[in-house]
Amino acid sequence: MKKVFSKPESLQDKNNSYCPGCGHGTIHRIIAEVIDELGVREKTIGIAPVGCAVFAYYYWNFDVTEAAHGRPPAVATGIKRCLSDRVVFTYQGDGDLAAIGTAEIIHAANRGENITTIFVNNANYGMTGGQMAPTTILGQKTTTTPNGRDAKRDGYPLKVCELLSSLDGVCYIERVSVSTPKNVLRTKKAIKKAFENQLNNCGFSLVEVLSQCPTDWQMTPVESVKWVDEVLSKTFPLGVYKENTEQTRK
Amino acid sequence: MKGNIAVCEGAIAAGCTTYFGYPITPQNEIPAYMSKKMVELGRVFVQAESELAAINMVFGAAVSGSRAMTSSSSPGISLKQEGISYLAGAELPCVIVNVQRGGPGLGNISGSQADYFQATKGGGHGDYRLIVLAPYSVKEMYDLTFLAFDLADNYRIPVMILTDGIVGQMMEPVEINPEFRVQSSEIKKDWKLDGCKGREPRLMRSLIMEEGGLEKHNWHLKKKYDGIKKTEIRCEANFPDSAEITVVAFGIAARICKSAVKKLRQEGLKVGLMRPVTLWPFPEKAISDIAAKSKKILVAEMNMGQMVEDVKLAVNGKCPVEFLGAPGGAVFSEDEIIAKIKKL
Ligand SMILES: Cc1ncc(C[n+]2csc(CCOP(=O)(O)OP(=O)(O)O)c2C)c(N)n1
Ligand code: SF4
Ligand SMILES: [Mg+2]
């Protein structure tokens, strides 16, 4: 009988400690599968964020370094500039990438660093207990927007794909989600492309994944995937925002 | 050669393969020179978007096993403190150059020694130490930067060159010691991340959440720091056995004091100089020994009084300790030092 579901080599044989219904576990697995399929596990260096995914290195089965909150793109720059034939990627939450690390991501993208970024947008700060993130949508209740995010006081949700796709150094930007099996497949395709671009020396690629955080959204896993499809993706439409794989770094 | 350029040449000779920086006066010659030289040598140069980014690029380069350097001046060094704490926690080797200027705040662009506390007492959060080297001549800018890379690799520790705008801008001939050999390029970095081909995957971190794990890690750091204290203290003593008054000063202040002491000796006064070259580890024992033989110690610093606290701890009441300061980018002259010593 053909085995259809087995553990990717790039994933350690361990149960993850994410909450039930959390998107992080699914995204970790997709990345592991892609790395296996591309046969690059032994030359991959991942950069874990500060956020719920800080322990990603307990689940992946390749070299991983931690970075300070928001600094993974700078750390990735340092590694990739030294080891240009390795595969270097950052895995970052929305607080990490779109708040404290905004400067680092914009400039890494703008320099066209030949790296891959997986950006996990769960519309709040999961790890610290569900505070407002730059990607929290208008009206969304969090522990620091108890009456819902108010544009007048809190500003607007930050649209990272839209923002970064205007930069010349950027090769590929797509927004996806992991809310349905079909979306998971699409996410895998996007993540694979983002890694292939790096192997083809095309410059900076980023995949934004809308991800469930049932715990801090105070929803059931089922409600949370529904919320991604029906609400979150209205503010953050899925799709390809930039694709310029012709561009090759000299 | 200019002091700042000597830092670059010392680094290049020591096999520094990556440099990351952000412009700030009075160290702009360093990124400018490195942008040319490193590229010519096929090495890495990146002008980062901030000092924060630069130090984290250093983190990445160090993780990959490369010899990495960044340079800045006081306000920029403040921004690097987060990264420095992470580097210390993860035990990553690198070299950080602080060409100090006057502070606090934006301060001014004159040379200063106001970052002694920041460099030697932590600066960033948590229990950690840096090796801090204080050059007082252009030659030492070269020599100590060269040495810094070996120290960093040997002990897996960030090393800071604590210099200032005056030494940075100073022009002096530099004779390069032909005996200099890059020592620890042979050191096997069996912790670096370069892909897990042929080995188990590795992890680099400073987050240690296991029960008792961080305490254990901190005790391990302490043991390492104690070892460094045993072997790496460097200082220069002039007339340690025949001085009734000993001046203690580092960096550019020591340079000025040295010629003052020389003049006073010619007048027949029994004066000496003690110059810590490593500010951490601090030459406590050497200072304590001198205090036992001196009538008085004068600490001269271009700040409001920082190293004087460490000197007092080392002297531990053996003799009175006086202080001469020049904060805010001010400099004392040889004559001021001579006058002060004569009044003691
Ligand atoms: C400098 C610094 N500031 C604040 C924190 C506290 N902190 C830890 S995780 C986090 C937010 C993480 O949110 P996000 O990046 O969205 O990741 P998620 O947990 O949602 O996946 C914050 C603010 C920190 N660790 N370091
Ligand atoms: S708090 Fe949210 S993001 Fe964090 S593990 Fe739980 S569900 Fe996932
Ligand atoms: Mg988040």
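This is a predicted model: local features need pLDDT of at least 70, side-chain atom pairs count only at pLDDT 80 or more; totals for chains, interfaces and linings use all residues.
## Exercise 1: Where two chains meet

**Step 1.** Start with the residues. Chain B brings 36 residues to the contact, and chain A brings 32 residues.

**Step 2.** Now turn to area. The size of an interface is often given as the accessible area lost when the parts come together. For chain B and chain A, the buried area is about 2600 Å², with 61% of it on carbon and sulfur atoms.

**Step 3.** Next, look for polar links. The interface of chain B and chain A has 16 residue pairs in polar contact. The count of salt bridges across this interface is 3.

**Step 4.** Find the parts of chain B involved. On the side of chain B that touches chain A, the elements giving two or more residues are strand 1 (18-21), strand 2 (44-47), helix 3 (51-63), helix 4 (74-89) and strand 7 (203-204). Helix 3 of chain B gives the most, with 8 residues.

**Step 5.** Finally, sort the residues on that side of chain B by kind: 18 are nonpolar, 8 are polar and 10 are charged.

## Exercise 2: Strands from two chains

Find out which strand of chain A pairs with strand 7 of chain B, and in which sense.

**Step 1.** Locate the partner in chain A. Strand 2 of chain A, residues 63-66, pairs with strand 7 of chain B.

**Step 2.** Check the sense. The two strands run parallel in this pairing, which has 2 bridges.

**Step 3.** Pick out a bridge. A:Val64 has B:Leu203, in strand 7 of chain B, as its bridge partner.

## Exercise 3: Salt bridges within a chain

Work out how many residues separate the ends of the salt bridges A:Arg41 to A:Glu9 and B:Asp241 to B:Lys293.

**Step 1.** Take the pair in chain A. The closest N and O atoms of A:Arg41 and A:Glu9 are 3.5 Å apart. A:Arg41 lies in the loop between helix 1 (23-38) and strand 1 (44-48) of chain A, and A:Glu9 in the segment before helix 1 of chain A, 32 residues apart.

**Step 2.** Compare their surroundings. A:Arg41 is buried at 12% relative accessible area, whereas A:Glu9 is partly exposed at 48%.

**Step 3.** Move to chain B, where B:Asp241 and B:Lys293 form a salt bridge at 2.9 Å, N to O. B:Asp241 is in the loop between strand 8 (235-238) and strand 9 (245-248) of chain B and B:Lys293 is in helix 10, so the pair joins parts 52 residues apart in sequence.

**Step 4.** B:Asp241 is exposed, at 62%, and B:Lys293 is partly exposed, at 47%.

## Exercise 4: An enclosed helix and a buried arginine

Explain why helix 1 of chain B is described as largely enclosed.

**Step 1.** Count the buried residues. In helix 1 (residues 3-13) of chain B, 10 of the 11 residues are buried, so the rest of the structure largely encloses this helix. Among them are B:Ile5, B:Val7 and B:Ile12.

**Step 2.** See what covers these residues. The cover includes helix 2 (29-40), strand 3 (68-72) and helix 6 (138-155) of chain B.

**Step 3.** B:Arg67, in the loop between helix 3 and strand 3 of chain B, has 7% relative accessibility and so counts as buried. The side chain of B:Arg67 makes a polar contact with the side chain of B:Asp153, at 2.8 Å.

Methods: Residues are numbered from 1 along each chain as its sequence is written. Chains are lettered from A and ligands numbered from 1 in the order in which they are written. Side-chain values use heavy atoms; hydrogens and water are left out. Contact means heavy atoms within 4.5 Å. Buried area is the accessible area (1.4 Å probe) that two parts lose on being put together, summed over both. A salt bridge is a side-chain nitrogen of Lys or Arg within 4 Å of a carboxyl oxygen of Asp or Glu. A polar contact is a pair of N or O atoms within 3.5 Å; within protein, one must be able to donate a hydrogen and the other to accept it, and residues adjacent in sequence count only if both atoms are side-chain atoms. Helices (H or I, at least four residues) and strands (E, at least two) are DSSP runs, numbered from the N terminus. Ala, Val, Leu, Ile, Met, Phe, Trp, Tyr, Cys and Pro count as nonpolar, Asp, Glu, Lys and Arg as charged, and the others, Gly among them, as polar. Two strands pair if DSSP finds at least two bridges between them. Buried means under 20% relative accessible area, exposed over 50%, partly exposed in between (1.4 Å probe, protein chains only).
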